Amino acid sequence: MKAAREKAGRAPDPQAGRRHGIPGEHLSYSQVRLYAECPLKYRLSRSCRPEFLPSYLPFGSAFHEALHEYNVSLLSGARKQHRSLVNVFCRRWLEATRGQDVRYGRGQSAEGMAELASKMLAAAIAQPRHGEILAVEQQFVVRAAGSLPP
């Protein structure tokens with residue numbers, strides 16, 4: 001904890017992306033926003049990890065991947081069906097939670113997470129489409145003038 005407090009005042013590390021296989025400098029919007037909000041909160045969010053996995057983290061990742069697959073399928077013209085997207089969610093959920101101490105909120109369970117994802121995916125599919133999909137998660141680069149504050 002002491003090491004985390006000592007690092008707390010430092011800005012996000014733009015070289016972190018290279019260590020994770022991302023070419024060049026990489027800072028996400030959420031990293032910059034969190035640092036601007038509170039440098040200590042930023043640093044602690046990166047250095048202090050709970051000993052358990054809150055269920056909302058793998059849920060969000062798995063749901064995001066299912067929506068990603070859906071949008072890619074729309075872009076390619078081969079729209080994926082609901083059951084296929086639920087399978088994407090379930091596969092990613094199982095990968096993310098295997099061997100983890102997953103903690104659920106009051107009244108939640110693994111089965112309930114799959115049911116919730118199924119309902120949310122059905123709602124997403126039912127939404128009318130406006131416009132044309134040009135890209136899915138297209139990377140873009142913004143050059144910041146100067147440097148981030150210390």
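**Exercise 1. Aromatic pairs**

Task: State how many aromatic pairs a search of the whole structure finds, then classify the pair formed by tyrosine 35 and tyrosine 42.

Solution. 
- Step 1. The search, run on a predicted model, returns 5 aromatic pairs.
- Step 2. A pair of aromatic rings is described by the distance of the centres and the angle of the planes.
- Step 3. For tyrosine 35 and tyrosine 42, the centres are 5.9 Å apart and the planes lie at 85°.
- Step 4. Planes over 60 degrees apart count as edge-to-face, so the pair of tyrosine 35 and tyrosine 42 is edge-to-face.
- Step 5. Buried means under 20% relative accessible area. Tyrosine 35 has 5% and is therefore buried; tyrosine 42 has 3% and is therefore buried too.

**Exercise 2. Tryptophan 93 and tyrosine 104**

Task: Classify the aromatic pair of tryptophan 93 and tyrosine 104, and say where in the chain each partner sits.

Solution. 
- Step 1. The ring centres of tryptophan 93 and tyrosine 104 are 6.4 Å apart, with 35° between the planes.
- Step 2. An angle under 30 degrees would count as stacked and one over 60 as edge-to-face, so this pair is tilted.
- Step 3. Tryptophan 93 belongs to helix 6, and tyrosine 104 to the loop between strand 2 (102-103) and helix 7. The two are 11 residues apart, and their pair links distant parts of the chain.
- Step 4. Tryptophan 93 is buried because its relative accessibility is 7%, whereas tyrosine 104, at 32%, is partly exposed.

**Exercise 3. Helix 6 against helix 7**

Task: Describe how helix 6 (residues 82-97) and helix 7 (residues 110-126) pack.

Solution. 
- Step 1. The crossing of helix 6 past helix 7 is right-handed.
- Step 2. Helix 6 contributes His82, Leu85, Val86, Phe89, Cys90 and Trp93 to the contact; among the residues they meet in helix 7 are Met113, Ser118, Leu121 and Ile125.
- Step 3. Sorted by class, the contact has 12 nonpolar residues, 2 polar ones and no charged ones.

**Exercise 4. Leucine 57**

Task: Is leucine 57 buried or partly exposed, and how far apart in space are leucine 57 and tryptophan 93?

Solution. 
- Step 1. Leucine 57 lies in helix 5 (residues 56-76).
- Step 2. Its relative accessibility is 44%, so leucine 57 counts as partly exposed.
- Step 3. From C-alpha to C-alpha, leucine 57 and tryptophan 93 are 9.7 Å apart, with a sequence separation of 36 residues.

Terms used. Residues numbered from 1 in each chain as written. Predicted model: local features only at pLDDT ≥ 70, side-chain atom pairs only at ≥ 80, totals over all residues. Heavy atoms only, no water. Axes fitted to C-alpha atoms, helices over the stretch in contact; angles between N-to-C directions. Helix = DSSP H or I, 4+ residues; strand = E, 2+ residues; numbered from the N terminus. Left-handed = near helix turned anticlockwise from the far one by under 90°. Contact = heavy atoms within 4.5 Å. Nonpolar A, V, L, I, M, F, W, Y, C, P; charged D, E, K, R; others polar. Phe/Tyr/Trp six-rings, centres within 6.5 Å; stacked < 30°, edge-to-face > 60°. Buried < 20%, exposed > 50% of the residue type's maximum accessible area, 1.4 Å probe, protein only.
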